[in-house]
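This report describes the fold of one protein and then turns to selected parts of it. The sequence and the model are shown first.

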Amino acid sequence: MKKQQKIKYWQAIIEQQQSSALTTIQFCRDNNINPSTFYAWRKRLASEIPPAKKQQVIPFVIHEQAFTQSSMIKLTTPNGYQLDFESTLAHQALAKLLSVL
């Protein structure tokens with residue numbers, strides 16, 4: 001078996017065990033797999049997959065000034081970043097910009 005085939009094979013085996021209601025030992029017993037081999041492959045595959053990045057929600061506060069001729073909308077994040085926008089900015093453009101942040 002080629003290396004990629006082995007990796008795919010063991011990924012499937014590990015997924016089967018995780019989705020089963022069996023303990024690792026019982027799964028290995030039922031499937032005639034050496035537990036040491038199973039654990040070695042699980043560790044090897046876990047080290048090859050980079051850890052998932054945790055998503056972080058950063059709240060921000062919208063401060064609107066009273067509308068005057070040249071009023072501005074100021075957004076301030078908890079980290080201290082400030083974004084200023086003209087109050088005449090189309091709400092669709094502002095929504096699109098905020099979705100990127």
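Contact here means heavy atoms within 4.5 Å. Among contacts in the protein between residues at least 6 apart in sequence, 21% join residues at least 24 apart. The model is predicted, so local features need pLDDT of at least 70 and side-chain atom pairs pLDDT 80 or more, while totals for chains, interfaces and linings use all residues. Residues are numbered from 1 along each chain as its sequence is written, and side-chain values use heavy atoms, with hydrogens and water left out.

The protein has 4 helices and 3 strands, in the order α-α-α-β-β-β-α from the N terminus. These are DSSP runs, numbered from the N terminus: helices are H or I of at least four residues, strands E of at least two.

The accessible surface is about 8,500 Å², and 55% of this belongs to carbon and sulfur atoms; areas come from the Shrake-Rupley method with a 1.4 Å probe. Of the 101 residues, 19% count as buried, that is, under 20% relative accessible area.

F38 belongs to helix α3 and is buried, with a relative accessible area of 0%.

| Strand | Residues |
|---|---|
| β2 | residues 72–76 |
| β3 | residues 82–86 |

Strands β2 and β3 pair in the antiparallel sense over 5 bridges; pairing requires at least two DSSP bridges between strands. M72 stands opposite E86 in β3. In this hairpin, which has 5 residues between the strands, G80 takes a positive phi near 100°.

Technical notes. Buried means under 20% relative accessible area, exposed over 50%, partly exposed in between (1.4 Å probe, protein chains only).
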